[in-house]
Amino acid sequence: MADDFEDDAAGDVSGLEEKLPDWYREIFPAGPRDGFYEKLGEHALIHVARDPGTLVVTFDNLSDAGYPGYDIRPWAEKFIRDNGWSHLGVVAQGPTWFRDARLIARMEALRDQGFFEGYARVVMTGTSMGGFGALAFADLAPGCEVVAFSPQTTLARDLAPWERRFARGRDQDWSLPRSDAAEHSSAAAKVWVICDPFLQEDMRQVGRLPRDNVTLLKAFGQGHKTALVLRRMELLKAVIARAVAGELSEDWYYRSTRGRKDIYLYRKVMEDHLASRGKEHRIPRLVAAFKARRQAQRQARAAATSPGS
């Protein structure tokens with residue numbers, strides 16, 4: 001039935017449907033899921049209710065922040081959807097470090113309304129700025145599990161005067177609540193921090209966390225892009241999936257990441273690491289070993305696919 005207020009010309013909507021993000025297809029009025037979308041200044045909350053027992057909360061990182069398209073997706077949206085977990089994505093439209101009074105108040109209101117208590121298991125995750133978010137909001141769901149890749153704990157100048165990175169982040173309003181993630185992460189049952197021990201700034205940030213519930217997974221030679229290196233190794237999804245299942249362990253992590261030396265990004269990070277320590281003479285040997293492994297892998301693949309193999 002036509003709307004009494006509808007114009008005769010409904011407007012050109014050709015091509016709109018394929019631009020719609022998958023999460024919206026799930027929660028729009030005729031979709032199969034409950035959920036919501038809320039715009040809060042430079043942030044948005046996107047919730048899709050799937051598995052009633054498991055909620056994954058993700059926070060955008062700098063690479064995702066500022067996406068201009070209508071088909072925006074929270075960090076890890078497709079992976080979470082494919083696994084059927086419920087999802088709350090905290091989306092940022094810039095290097096905000098989630099320093100927004102409205103966003104903070106809304107997240108705390110969700111806690112007060114029992115939103116997080118409605119799930120038996122809650123996992124919060126993100127990388128860099130997103131890792132800060134996962135730590136800073138962890139106490140909204142006491143007993144949750146946090147997986148933070150190369151996170152910061154604060155960019156407040158009085159708390160981390162040595163931090164010189166992320167200039168636009170440091171210029172945010174750090175007088176707002178939840179400006180020190182070290183004060184809010186202790187409510188989590190378990191905090192997994194994936195961090196390169198060679199990167200002094202990251203280690204100083206992580207060193208501010210209380211140690212009673214934190215397990216540091218050392219990402220040797222992965223620099224600040226630990227999540228990206230894990231993705232190149234096809235391990236990023238496995239790390240999060242194991243955390244959601246309660247099966248992430250130090251033993252599994254270190255066994256699984258032995259192949260990092262075959263990732264080009266690892267080689268570049270290690271070259272920079274050696275150069276910064278005055279050990280440039282070791283770089284040629286590093287490069288030669290990397291190329292030799294790559295050549296051996298190509299030969300092995302060729303032998304496996306050759307006729308008669």
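Predicted model: local features only at pLDDT ≥ 70, side-chain atom pairs only at ≥ 80, totals over all residues.

User: How do I read a pair of aromatic rings, and what is the angle between the planes of Phe115 and Tyr119?

Analyst: A pair of aromatic rings is described by the distance of the centres and the angle of the planes. Rings of Phe, Tyr and Trp (its six-membered ring) pair if their centres lie within 6.5 Å; planes under 30 degrees apart count as stacked, over 60 as edge-to-face and the rest as tilted. A search of the whole structure finds 14 aromatic pairs. One of them joins Trp23 and Tyr24, edge-to-face with 6.1 Å from centre to centre and 85° between the planes. For Phe115 and Tyr119, the centres are 6.0 Å apart and the planes are at 70°, so this pair is edge-to-face. Tyr119 counts as buried, at 13% relative accessibility.

User: Are Trp23 and Tyr24 buried or partly exposed?

Analyst: Trp23 is buried, with a relative accessible area of 5%, whereas Tyr24 is partly exposed at 33%. Trp23 and Tyr24 also belong to one aromatic cluster with Phe28 and Tyr37.

User: Where does a charge sit over a ring?

Analyst: The rule is that NZ of Lys or CZ of Arg is within 6 Å of the ring centre and within 35 degrees of the ring normal. Here the charged end of Arg99 sits over the ring of Trp174, 5.2 Å from its centre. Lys190 lies over the face of Trp192, 4.9 Å from the ring centre.

User: Now for strands. Which residues of β3 lie on each side?

Analyst: In a regular strand the side chains alternate between the two faces of the sheet. Strands (E, at least two residues) and helices (H or I, at least four) are DSSP runs, numbered from the N terminus. In β3 (residues 54-59), Thr54, Val56 and Thr58 are on one side, Leu55, Val57 and Phe59 are on the other, and all are buried.

User: Which strands pair with β3?

Analyst: Two strands pair if DSSP finds at least two bridges between them. β3 pairs in the parallel sense with β5 (residues 121-127) over five bridges, and Thr54 has Arg121 as its bridge partner there. With β4 (residues 86-92), β3 is again parallel over five bridges, and Val56 stands opposite His87.

User: What covers the buried residues of α5?

Analyst: Helix α5 (residues 129-136) has eight of its eight residues buried. Among them are Met129, Phe132 and Leu135. Their cover includes β3, β4, β5, β6 (145-149) and β7 (190-195), with contact meaning heavy atoms within 4.5 Å.

User: Which residues does Gly223 touch?

Analyst: Gly223 is in the loop between β8 (214-218) and α8 (226-232). Not counting residues up to four places away in sequence, Gly223 touches Ser150, Asp196, Leu199, Asp202 and Val269. Gly223 counts as buried, at 8% relative accessibility.

How values were computed: Residues numbered from 1 in each chain as written. Heavy atoms only, no water. Buried < 20%, exposed > 50% of the residue type's maximum accessible area, 1.4 Å probe, protein only.
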